[in-house]
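Good morning, colleagues. Please bring up the model on the screen, and I shall take you through a few local features in turn.

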Amino acid sequence: MKKVYACMAEGLEEVECLAAVDVMRRAGLEVTLVSMGNTKEVTGSHKITVTADALFSEISPLDADCLFLPGGMPGTKHLAAHEELCRALKQAAEKGKHLAAICAAPSVLGGLGLLRGKKATCYPGFEEKLEGAVYTKQGVVTDGNITTARGLGYALDLGLELVRILVDEKTAANIKAGIQYDQTE
């Protein structure tokens, strides 16, 4: 079973995180909510407190097949300031592990130089922080081992894309049908 670590920092966009995590867990992925702080309680930008499964200090980030960064402010700033996380993101990228970020969080990957030459998207206003990326307005884009998404409105799409990549296309399609997510009607 593939593992995903969802990295939650104080001030995250709660629904971006939880919607994508919900979809991935439905697919049978082992998704761990990881607090970047010293407590498992993480309060988001909309004052919703989420209890993490583990502290960052309790995990080995390179054990995951995918590291997922939810956006939100000031959560994204806290992710970018977390030195151990940033080191782990660079190491994971070197090992070809999957990285995913939504909303403002692709700026963390951009700041680490991990988006150079890759197509990427983000929340409007953060484009210049995608250092070296080929910016696209797509809702969700995967280029190599990195998936980025524009914002909360694309959280389900991000979750489904990660299921497609980490499990398979059929499972993603089944989950999409099961949650009544059909954008064509």
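Glu16 is buried, because its relative accessible area is 1%, where buried means under 20% relative accessible area, exposed over 50% and partly exposed in between, with a 1.4 Å probe and protein chains only. This residue is found in helix α1, residues 14-26; helices are DSSP runs of H or I with at least four residues, strands are runs of E with at least two, and both are numbered from the N terminus. The model is a predicted one, in which local features need pLDDT of at least 70 and side-chain atom pairs count only at pLDDT 80 or more, while totals for chains, interfaces and linings use all residues. Residues are numbered from 1 along each chain as its sequence is written, and side-chain values use heavy atoms, with hydrogens and water left out.

What surrounds Glu16, leaving aside its neighbours within four places in sequence? Its contacts, meaning heavy atoms within 4.5 Å, are Phe68, Pro70, Gly71, Gly72, Ile102, Cys103, Gly151, Leu152 and Ala155. Of these, Gly72 is 56 residues away in sequence, with a C-alpha to C-alpha separation from Glu16 of 8.4 Å.

Leu166 counts as buried because its relative accessibility is 9%. With neighbours within four places in sequence set aside, Leu166 contacts Lys2, Val4, Leu29, Asp65 and Cys66.

How do α5 and α6 pack? Their axes, lines fitted to C-alpha atoms over the stretch in contact, with angles from 0 to 180 degrees between N-to-C directions, come within 7 Å and cross at roughly 150°. The two helices are therefore roughly antiparallel; that label applies over 145 degrees, with roughly parallel under 35, roughly perpendicular from 65 to 115, and oblique for the rest. On the α5 side, Leu160, Val163 and Arg164 meet Glu169, Thr171, Ala172, Ile175 and Lys176 of α6. By class, this contact has four nonpolar, one polar and three charged residues; Ala, Val, Leu, Ile, Met, Phe, Trp, Tyr, Cys and Pro count as nonpolar, Asp, Glu, Lys and Arg as charged, and the others, Gly among them, as polar.

Finally, the largest pocket. Ten residues line it, with Asp157, Leu160, Glu161, Ala172 and Lys176 nearest its centre. The elements giving two or more residues to that lining are α5 (155-166) and α6 (169-178). A pocket here is an open set of points on a 1 Å grid over the protein atoms alone, with protein on both sides within 12 Å along at least five of seven lines, and lining residues have an atom within 4 Å of a point. By class, the lining has four nonpolar, one polar and five charged residues.

Note on methods
On a 1 Å grid over the protein atoms alone, a cavity is a set of points where a 1.4 Å probe fits but cannot get out, and a pocket is an open set with protein on both sides within 12 Å along at least five of seven lines; lining residues have an atom within 4 Å of a point.
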